[in-house]
Amino acid sequence: MITITHSSETHKLVYTQCSNRTSPNPSLLPILFQQLITHSSQSTFFKTIVANEQTAISGSFQCMKHLSSYECESCVARSSSLCGESLAARIQLHGCSVRYEDDDDGAEAEAEAENNKILRWGCSERRIERGGFEDVKYAALGMVESCVMSENGFCEMMYESIHVLAQCGESLSSCECGECVHRAVEIACEERCRYSVSGQVYVDGCFLSYVYRDEGGGGSSPKLVALVVGGLAILSVGAGLCYFMKSCGKKKDDW
């Protein structure tokens, strides 16, 4: 199970992808993470390379932009032990993502890269199939696509009773960001999530979440059914429900 992010949950794990290869120079990983953790108290994004005579490892982190410096640092520090001595890893927590790899893994990953690949998604078991909820949800998700392009890759907004949050990787252009978020919106509009009151979508390049806020509040956000996307086909949605698609060049990103 995964849940909608709150500030007290930034360090909670969403998923890990840990390489079976272990580092022949395990001392490099602590050096890498020390740099990442140090910079996470000063910035929401940082990328670096550590190396010795035998190996070079590149690493990066990106925190959600609405986090405080303490929350970002805590999130990155939490990731440091989750893949042990793996030579390459991708770690996603609620509040941040961390990625590192050696030169060989980096070249292989670039060769196999798939633009806007869906990494993980989920939608709530609680559903609303009445009262215009579907129209309000689609309107909110459509608005976040343009918002994230005009707000430097980050958008947090309320539309009616729908809270929406989206963020793109630092290296994406505005157009690429809009295309990536559109891909996430397609998943959030897919039939299984059509009437769900909350959902999260992790794409290779961006993140999207939405949650319906009941009037009067109270209680915790609905839990999500986590779905690992492998060979599942992505179902298309009705025309006009998921809004515009930008035609751009593609770029691989660290998010």
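In this predicted model, five strands form an open sheet in which the order is E2-E5-E6-E4-E3 and the pairing is antiparallel. Strand E2 (13-18) and strand E3 (45-51) are the edge strands, each pairing on one side only. Direction ignored, neighbouring strands of this sheet are turned by 5° against each other on average. Strands of a sheet pair through backbone hydrogen bonds, in either a parallel or an antiparallel manner. Here, E2 and E5 are joined in the antiparallel sense over five bridges, and Tyr-15 stands opposite Gln-92 in E5.

Helix H1 packs on this sheet, where it touches E3, E4 and E6. The direction of H1 makes about 155° with that of E3. Which residues does Leu-32 contact, leaving aside its neighbours within four places in sequence? Leu-32 belongs to helix H1, and its contacts are Thr-48, Val-50, Ile-57, Gly-59 and Tyr-100. With a relative accessible area of 0%, Leu-32 is buried. The C-alpha atom of Leu-32 is separated by 7.5 Å from that of Ile-49, although the two residues are 17 residues apart along the chain.

A further helix, H2 (residues 69-79), has as its buried residues Glu-71, Cys-72, Cys-75, Val-76 and Ser-79. Seen down the axis of H2, these residues fall within an arc of 130°, and they therefore line one face of the helix. Among the elements that cover the buried residues of H2 are helix H1 (28-40), strand E4 (56-63), strand E5 (89-93) and strand E6 (96-102).

A search of the whole structure finds five aromatic pairs. One of them is formed by Phe-33 and Tyr-100, an edge-to-face pair with 5.5 Å centre to centre and 80° between the planes. Because Phe-33 lies in helix H1 and Tyr-100 in strand E6, the pair ties together parts that are 67 residues apart in sequence. Both partners are buried: Phe-33 has a relative accessible area of 5%, and Tyr-100 has one of 1%. Tyr-202 and Phe-207 form an aromatic pair that is tilted, with 4.8 Å centre to centre and 45° between the planes. Tyr-202 is buried at a relative accessible area of 1%, and Phe-207 is buried at 2%. Together with Tyr-15, the residues Tyr-202 and Phe-207 form one aromatic cluster.

The nonpolar residues remain to be described. In soluble globular proteins, nonpolar side chains tend to be buried together. How many residues does the largest nonpolar core have? This core has 34 residues, and those with the most contacts inside it are Leu-141, Val-144, Val-148, Val-164, Val-181 and Leu-208. At least two residues of this core are supplied by each of strand E7 (118-124), helix H4 (133-150), strand E8 (154-159), strand E9 (162-168), helix H5 (174-189), strand E10 (198-203) and strand E11 (206-212). Not counting residues up to four places away in sequence, Leu-208 touches a set of residues including Leu-141, Val-144, Val-164, Leu-165, Ala-184 and Val-201. A second, separate core has 31 residues, including Val-14, Cys-83, Tyr-100 and Leu-119.

Definitions and conventions. Residues numbered from 1 in each chain as written. Predicted model: local features only at pLDDT ≥ 70, side-chain atom pairs only at ≥ 80, totals over all residues. Heavy atoms only, no water. Buried < 20%, exposed > 50% of the residue type's maximum accessible area, 1.4 Å probe, protein only. Helix = DSSP H or I, 4+ residues; strand = E, 2+ residues; numbered from the N terminus. Arc of directions from axis to C-beta. Contact = heavy atoms within 4.5 Å. Pairing = 2+ DSSP bridges. Axes fitted to C-alpha atoms, helices over the stretch in contact; angles between N-to-C directions. Phe/Tyr/Trp six-rings, centres within 6.5 Å; stacked < 30°, edge-to-face > 60°. Core = buried A, V, L, I, M, F, W, Y, C linked by side-chain atoms within 4.5 Å.
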